[in-house]
Amino acid sequence: GQQVMQIPQYQHVQEGEDFTTYCNSSTTLSNIQWYKQRPGGHPVFLIQLVKSGEVKKQKRLTFQFGEAKKNSSLHITATQTTDVGTYFCAETSGSRLTFGEGTQLTVNP
Amino acid sequence: EAQVTQNPRYLITVTGKKLTVTCSQNMNHEYMSWYRQDPGLGLRQIYYSMNVEVTDKGDVPEGYKVSRKEKRNFPLILESPSPNQTSLYFCASSRRQGPREKLFFGSGTQLSVL
């Protein structure tokens, strides 16, 4: 499948700071999904982006899909300790979902 | 409760001893898949199944087998485990195969091969 590169691999923030993770591809993506995995847990679906330039919000989380559909971002405003975990983007290639390497977020209280 | 159930949660075994990790979903999902998760490598697909008796290789199928005899079950078989198969394994399912279906994951199986 296609490859998506996710950066940064790790991010440490103070509680209240913002956080952004990026997902990039060299080719056009059909859609992007975002998942969150809490420490010791399993990935949980957050959202799916399909349209070029799409922006979706879930409370403090803002998801964007690039105009060229080659990149996506997840932005968290004013992080909280409950945001701790690893965030994965995933792109579809045919019938399969291919995941990025993930960004591990730690939040210092 | 709708869920994907994996067993066991933890497994320690020795090289060469056949093992099976079970996966079952109660959502009547057509699509099921196995992933392994290793530090710095994200989630890599091992095998997937688009329906009963239909399975196909993912990105890292070597050393693994699967079967899909019933819609709800998708066991992962390691015929002769080796230490490089030490990993965290996740089973996942979705309503049907396709680019816009979200995955539901099991709780994971931490496997150690000594």
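Q: What should I keep in mind about the numbering and the model?
A: Residues count from 1 along each chain as its sequence is written, and chains are lettered from A in the order in which they are written. The model is predicted, and local features need pLDDT of at least 70, side-chain atom pairs count only at pLDDT 80 or more, while totals for chains, interfaces and linings use all residues.

Q: How many residues of chain A are in contact with chain B?
A: Contact means heavy atoms within 4.5 Å. Here 22 residues of chain A touch 25 residues of chain B.

Q: What is the area buried between chain A and chain B?
A: Interface size is often given as the accessible area lost when the parts come together. With a 1.4 Å probe and the loss summed over both parts, the value is about 1800 Å², and carbon and sulfur atoms give 52% of that. Strand 4 (32-37), strand 5 (43-49), strand 9 (85-93) and strand 10 (96-99) of chain A each supply at least two residues of the side that touches chain B; strands are DSSP runs (E, at least two residues), numbered from the N terminus.

Q: How many salt bridges does the rule find across this interface?
A: The rule asks for a side-chain nitrogen of Lys or Arg within 4 Å of a carboxyl oxygen of Asp or Glu, and it finds zero between chain A and chain B.

Q: Which residues lie nearest the centre of the largest pocket?
A: Rolling a probe the size of a water molecule over the atoms shows where empty space is left. A pocket is an open set of points on a 1 Å grid over the protein atoms alone, where a 1.4 Å probe fits, with protein on both sides within 12 Å along at least five of seven lines; lining residues have an atom within 4 Å of a point. The lining has 25 residues, with A:Gln37, A:Thr86, A:Phe88, A:Gln104 and B:Gln37 nearest the centre.

Conventions:
Side-chain values use heavy atoms; hydrogens and water are left out. Buried area is the accessible area (1.4 Å probe) that two parts lose on being put together, summed over both. Helices (H or I, at least four residues) and strands (E, at least two) are DSSP runs, numbered from the N terminus.
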